Amino acid sequence: MTDTAPPTDKPSGKTSSFGFRDVDAKEKVRMVRGVFDSVASNYDLMNDLMSAGVHRLWKDAAAAKLNPRPGETILDVAGGTGDMARRYAKMARAAQERRGGEDASVIVLDYNAEMIMAGVHKGGEPEMSWSVGDAMALPLPDASVDAYSISFGIRNVADIPVALAEARRVLKPGGRFLCLEFSRPTASAIRKAYDAWSFHAIPRIGGWVAGDRDSYQYLVESIRRFPDQATFKSMIEAAGFSRVTVTNLSGGVAAIHHGWAI
């Protein structure tokens, strides 16, 4: 697998949200890359700030929902430093030790080379491999993976329907789709409390600890621009997935969307 070509300077003619602003879709790609270049060395800290430390439990729940199995090829898109991929590899290996089977293959793919390098430096599992690539143009053949996951990454994609269509394309018949993402709290009290935390505390702490208030401001704004659970479920179904379910976490602060390529 190879890196995708860099975007051209010519505007795409399509707009996409970058926080609370609407920008040209190609410009968003460059801007998001800049954000993650900036936060790569503090990625774990970023997740702790964005979730008040609960992201580890959310990731455990998402990995259990995906249920990795021996011999599967699992693609973890926007895989960052490999937190989800490590879970998948360990779970598939544990299942292999119980019932036998071939080694799983877990591909970590991220558009940002700095994130991939941070993950490689952090260390991986024998089943893992690393690649730089674009969620909107996956460097994989049709029907080539058993499971596709994307965690806290799809809201940063310039064209979400295109990314969902690519997920559907690379999944084998009967393959599983899973998206873990910040979402819309279901209770107004939780929503108000999380808005107060995210809009007021997170950018300030990002400025103090990581020296980068602007990147953290974008990240919290991107959460509020992301579709709510029902809207995103409809988008997944429109991409051709069946039996799509939504599991709210922490009262809807985050949600797992799961579907099947049938």
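## The nonpolar cores

In this predicted model, the largest nonpolar core has 26 residues. Those that touch the most other members are L75, V77, Y148, I154, F177, F232 and F241. Several elements build this core: β3, β4 (105-110), β6, α6, β7 and α9 (229-238) each contribute at least two residues. Helix α6 provides the largest share, with five residues.

Beyond the residues up to four places away in sequence, F177 touches Y148, L164, A167, L171, I236, F241, H257, H258 and G259. Another core, of 25 residues, lies apart from the largest one, and among its members are A63, M84, V108 and Y194.

Strand β6 covers residues 145-151. Seven of its seven residues are buried, so the strand is largely enclosed by the rest of the structure. A residue counts as buried when its relative accessible area is under 20%.

Two strands pair with β6. Strand β3 (residues 73-77) runs parallel to β6 and is joined to it by four bridges; within this pairing, D76 has S149 as its bridge partner. Strand β7 (residues 171-182) also runs parallel to β6, through six bridges, and here A147 stands opposite R176.

Two loop residues other than glycine have positive phi values. A78 is located in the loop between β3 and α4 (83-99), and its phi is about 55 degrees although it is not a glycine. F152 belongs to the loop between β6 and α6, and its phi is near 55 degrees.

The two residues can also be described by their accessibility. A78 is partly exposed, at a relative accessible area of 22%, whereas F152 is buried, at 7%.

Helix α5 spans residues 113-122, and its buried residues are M115, I116 and G119. Viewed down the helix axis, these buried residues fall within an arc of 100 degrees, so they line one face of α5. M117 and H121, on the other side of the helix, are exposed.

N112 itself is buried, because its relative accessibility is 3% and the cut-off for a buried residue is 20%. Just after the helix, G123 adopts a positive phi of about 105 degrees.

## The β8-β9 hairpin

Strands β8 (residues 242-249) and β9 (residues 254-261) run antiparallel and are joined by six bridges. One of the facing pairs consists of L249 and A254, the latter in β9. The two strands form a hairpin with four residues between them. In the turn, S250 has a positive phi of about 50 degrees.

R30 is part of helix α1 (residues 25-39). This residue is partly exposed, with a relative accessible area of 32%. R30 and A158 are 128 residues apart along the chain, and their C-alpha atoms are separated by 9.9 Å.

H55 lies in helix α3 (residues 55-66) and is buried, with a relative accessible area of 3%. When neighbours within four places in sequence are left aside, H55 is in contact with D44, N47 and D48.

Technical notes:
Residues numbered from 1 in each chain as written. Predicted model: local features only at pLDDT ≥ 70, side-chain atom pairs only at ≥ 80, totals over all residues. Heavy atoms only, no water. Buried < 20%, exposed > 50% of the residue type's maximum accessible area, 1.4 Å probe, protein only. Arc of directions from axis to C-beta. Pairing = 2+ DSSP bridges. Core = buried A, V, L, I, M, F, W, Y, C linked by side-chain atoms within 4.5 Å. Contact = heavy atoms within 4.5 Å.
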